[in-house]
Amino acid sequence: MSASIQPAKNAGRLQHLLPALLVLLLALVVIWLSYTREPAEAFLFPRLISSVMVLLAIWNFIRAAAGLARVGDGLAGKTLLNIAPGVGVMLLLVYLGAKALGFYAASFLAYLCVYSLYDPASHLSVKSWLRRLWVTALFMVVIYVLFNMLLKVQTPRGLFF
Amino acid sequence: MEFLQYFGGVFEPVSFMLLLGGTIGGLILGATPGLSPTMAVALLIPFTFQLEATQGLILLGAAYTSTVAGGAVSAILLKIPGAPANIATALDGHEMARAGRGTEALHVSFLASGVGGIIGVLLLIFLTPVLARWALAFGPSHLFWMAILGVTIIGSLDSRSFVKGLLSGCLGLWLSMIGYDDIQGAQRFIFHDALTGGVNIITALIGIFAIPQVIEMLAKGRVEHQVAAISVGKQSLLNSLKLLVKNIKALSLGTVIGSVIGLIPGVGGQIAGLLAYDQTRKFSKDADSFGKGNPAGVIAAESANNAMVGPSLVPLLTLSIPGSPTAAVLLGGLLIHGIFPGSDLFDNYPEVAWTFINSMLVGQVLMVIFGIWVASYAARVAQVPPPVMAAAVLVLALFGSYSVQQSMGDVYIMLALGISMYFLEKVGFSAAPLVLGLILGPIAEANFIQGSMIANAMDGPVRYFLTGPLNLFLVALVIASVSWSFFSSRKQVNSNTATLDVTP
């Protein structure tokens, strides 16, 4: 009797197949561009690398399709649910918020959202919210001093700064 | 003894303050679980832009050295290794702390780190010029093969899967080709405006090393962060020194193993620590006491993981091949200051190179002094809740990547690479070969093009790239690294299958 494979230790076939397919597609696009774009001299090295990359990507895909790709913990459904809000905040605030609100405002919100979403303390307690706001504000002051005052980094300004 | 001429540079006020700040900051960062030395150094690079090259490197070198040693604090007091290099330290260190010998464990840990680290840096000092002189004989074909070897060796050693390790390296090489080709002026693989300037190395390093760790910290969800640190009392340093001398065999084994491991590209501190621990246990007359609070375990692991720091920079400074992911990040730090390491580094930039190396030697001493002092406070950092730490690293990564070229495009690339890397790591791809591919890609391509031009004027590329003793030796090493990885990967699959088929 074989012991069952734990999902946390060995990701399901689909979890390997999907990235393997994406990497294969990427490799095919890269090799196609390398061999079709001009001037050919500029694509000499890309042709060499993309050829090796396609071979490896095909091999990787075959292994994933055959269920032989057993390396990597994979992602349990619960983990995916846990990280989704955090990743969502990063994507929203960086790709949309930074220019619309301003870099500092978006970063402030990103910090506050990530901290609040994952803080086990009650979301109904005023004290918890005050602590989150205080920690976020303090951290952003440190960032402002470091990047704006010391490093003179000019960040994009939006609705705020 | 050329290095002695440049010792003064280390003690210039700004340089020394940076060395001190980097050491203390590194110790605290190192003690924080989830913040790896590579990530700490990557996040520090933007702060070096405004500094002179030497000063910037001093800061990065100090952080590299002390984060590795600082990881021992949380390993001993919390049983949570600050970095993978400190896994072996936790085995006996925490048991010592539980038995009320926490201070003793911290003392011997930092003293062993210091001894191992100093010997490692001395190895760097004496080996680097010799290798650099040898590297002068390298032509474009040899440098091309060296770059390919760097990617394959790390792809082979750092990954759990042969094919995924090499594929990660290829992905890195491809990322390095994005943007304008300098020689032909042609656009390559520009799918979005943000990619016009190519993928900046620092931006990529921050994304690849910081963002997956941010997501990893969030993966547990809203859970109570309960970490109980064992408090430490006072203990005579002299007694700890006596204990270190008593365990000279563990110290010697750890230092030798760490130094040798450091010279092999891609192996890293985790292997050094575990291998030194294992060998010390095997050679010990009291093997059964290991894992139960034997100081020899702590001494072997810590001397090894710090002894590998210096030698891991030898291939970087002589051949531009980083010996570890952190060394790759340091290479990024060199490149942003317009310094290209290689055979002529010590001729063109002797002051930068020697002051940096000397600072690592002084940094080891500072690390011992401040490590012992900071240790009990540093453990408190490990009690910072993961959401606070994750949010802080995220914001630092955003600002750090933006400050590289003051471009939002870099921030988009950083985040996209970071999130993609998290998912790729979950299915067995590796960050180290990808980063090495990205860093070594331009070196490999420039030498490939230069070699092709020479080959066209001579007997053709096959003869130019594949003949001659050095070319053949390097090609043999590439084939050996790939074959070794292939067979060890198959062995691992077979042993996994055997484990799964065990009848309960």
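**Chat about a two-chain model**

Colleague: Starting in chain B, how many of the 16 residues of H7(B) are buried?

Modeller: 16 of the 16 are buried, so H7(B) is largely enclosed by the rest of the structure. Buried here means 20 or more other C-beta atoms within 10 Å of the residue's own, while 12 or fewer is exposed and anything in between is partly exposed, with C-beta atoms placed from the backbone. Bear in mind that this is a predicted model: local features need pLDDT of at least 70, side-chain atom pairs count only at pLDDT 80 or more, and totals for chains, interfaces and linings use all residues. Residues are numbered from 1 along each chain as its sequence is written, and chains are lettered from A and ligands numbered from 1 in the order in which they are written.

Colleague: Where does H7(B) run, and what does it reach from its first C-alpha to its last?

Modeller: Helix H7 of chain B covers residues 162–177 and reaches 23 Å, close to the 22 Å expected. That expected span is 1.5 Å times one less than the number of residues. Helices (H or I, at least four residues) and strands (E, at least two) are DSSP runs, numbered from the N terminus. Just after H7(B), B:Gly179 has a positive phi of about 115°.

Colleague: Which helix in chain A has 16 residues?

Modeller: That's H4 of chain A, residues 103–118, and it reaches 22 Å, close to the 22 Å expected. In H4(A), 14 of the 16 residues are buried, so this helix too is largely enclosed by the rest of the structure.

Colleague: And chain A overall, how many helices and strands?

Modeller: Five helices and zero strands. The radius of gyration of chain A is 23 Å, well over the 15 Å from the globule rule for 161 residues, so chain A is more spread out than a compact globule. The radius is taken over C-alpha atoms, and the rule is 2.2 Å times the number of residues to the power 0.38. The C-alpha atoms fill a box of roughly 60 × 55 × 25 Å along the principal axes, and 38% of the residues of chain A count as buried.

Colleague: Which domains is chain A divided into?

Modeller: Domain 1 is 13–65 and domain 2 is 82–150, with bounds from an automatic or database domain assignment. Their C-alpha centres lie 38 Å apart.

Colleague: Switching to the interface, how many residues does the contact take from each chain?

Modeller: 60 from chain A and 59 from chain B. Of the chain A side, 11 residues come from H2(A), the largest share. By type, the chain A side divides into 42 nonpolar, 12 polar and six charged. Nonpolar is Ala, Val, Leu, Ile, Met, Phe, Trp, Tyr, Cys and Pro, charged is Asp, Glu, Lys and Arg, and the others, Gly among them, are polar.

Colleague: Back inside chain B, what is B:Ser66 in contact with?

Modeller: Leaving aside neighbours within four places in sequence, its partners are B:Gly22, B:Thr23, B:Gly26, B:Leu27, B:Gly30 and B:Met367. Two residues are in contact if their C-beta atoms, placed from the backbone, lie within 7 Å. B:Ser66 sits in helix H4 (residues 53–77) of chain B and is buried, with 35 other C-beta atoms within 10 Å. B:Gln364 is 298 residues from B:Ser66 in sequence, yet their C-alpha atoms are 7.8 Å apart.

Colleague: Is B:Ile202 buried or exposed?

Modeller: B:Ile202 counts as buried, with 24 C-beta neighbours inside 10 Å. This residue is found in helix H8 (residues 201–218) of chain B. Not counting residues up to four places away, B:Ile202 touches B:Ile45, B:Gly332, B:Ile336 and B:Val404.

Colleague: Last topic, confidence. What pLDDT does each chain average?

Modeller: Chain A averages 86 and chain B has a mean of 83; pLDDT is the predictor's confidence in each residue, from 0 to 100.
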